[in-house]
Amino acid sequence: MGLNSHLFAIYINKTNNMDKFKNFLLYIWQLPQNLLGLIMLLFMKPYVSKENYKGITYVISKKMSGGISLGNYVILSNKYKSKNVSHKTWDHEYGHTRDSRLFGPLYLIVIGLPSIIWAWMYGTIIKPTQNGYYKFYTEKRADRLGGVER
Ligand SMILES: [Zn+2]
């Protein structure tokens with residue numbers, strides 16, 4: 001290994017350590033939703049699958065209806081298990097994780113709770129329309145941040 005490649009190896013190592021540190025701080029910043037996510041995961045066993053997508057852990061479970069995004073964890077219903085078929089759903093949930101990083105400890109209040117109430121109202125109190133679900137601010141934001149076009 002020459003000097004250049006040695007220096008390059010040190011550089012890569014430093015970058016990885018910086019990334020680890022940044023990810024650690026981000027995890028703490030989003031601690032309420034991360035802890036809630038970990039607790040919810042306990043109830044989702046046995047998982048259909050578990051995979052990393054864009055640095056986020058996506059768990060597919062038959063016990064989940066729809067989808068939820070809690071910090072570094074996304075839980076999706078079995079009907080969305082294929083990332084290729086359900087890429088809009090996967091990217092939409094990724095959009096929520098970007099809001100989680102942005103709002104940190106306020107995420108559950110500003111995004112989480114309103115979106116859960118909305119999901120419950122939609123189809124019960126509010127009459128469904130074409131893509132109407134994604135017109136609510138929490139969902140519109142997730143689509144935009146996840147790069148989803150509807
Ligand atoms: Zn959503």
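Modeller: Residues are numbered from 1 along each chain as its sequence is written. In this predicted model, local features need pLDDT of at least 70, side-chain atom pairs count only at pLDDT 80 or more, and totals for chains, interfaces and linings use all residues.

Biologist: Why are H3 and H5 called roughly perpendicular?

Modeller: The axes of H3 (residues 87–103) and H5 (residues 137–146) cross at roughly 100° and come within 7 Å. Angles of 65 to 115 degrees count as roughly perpendicular, and H3 and H5 are therefore described in that way. Axes are lines fitted to C-alpha atoms, for helices over the stretch in contact, with angles from 0 to 180 degrees between N-to-C directions.

Biologist: Which residues of H3 and H5 make the contact?

Modeller: Contact requires C-beta atoms, placed from the backbone, within 7 Å. Among the residues involved are Asp 91 and Tyr 94 of H3 and Arg 141 and Leu 145 of H5. The contact residues divide into 3 nonpolar, 4 polar and 6 charged; Ala, Val, Leu, Ile, Met, Phe, Trp, Tyr, Cys and Pro count as nonpolar, Asp, Glu, Lys and Arg as charged, and the others, Gly among them, as polar.

Biologist: What makes S2 and S4 a pair?

Modeller: Pairing requires at least two bridges found by DSSP; 5 bridges join S2 (residues 56–61) to S4 (residues 73–77), and these strands run parallel.

Biologist: What is the strand order of the open sheet, and which strands stand at its edges?

Modeller: The order is S1-S2-S4-S3, with mixed pairing. S1 (49–53) and S3 (67–70) each have a single partner strand, so one side of each lacks a neighbour in the sheet.

Key:
Helices (H or I, at least four residues) and strands (E, at least two) are DSSP runs, numbered from the N terminus. Angles under 35 degrees count as roughly parallel, over 145 as roughly antiparallel, 65 to 115 as roughly perpendicular and the rest as oblique. Two residues are in contact if their C-beta atoms, placed from the backbone, lie within 7 Å.
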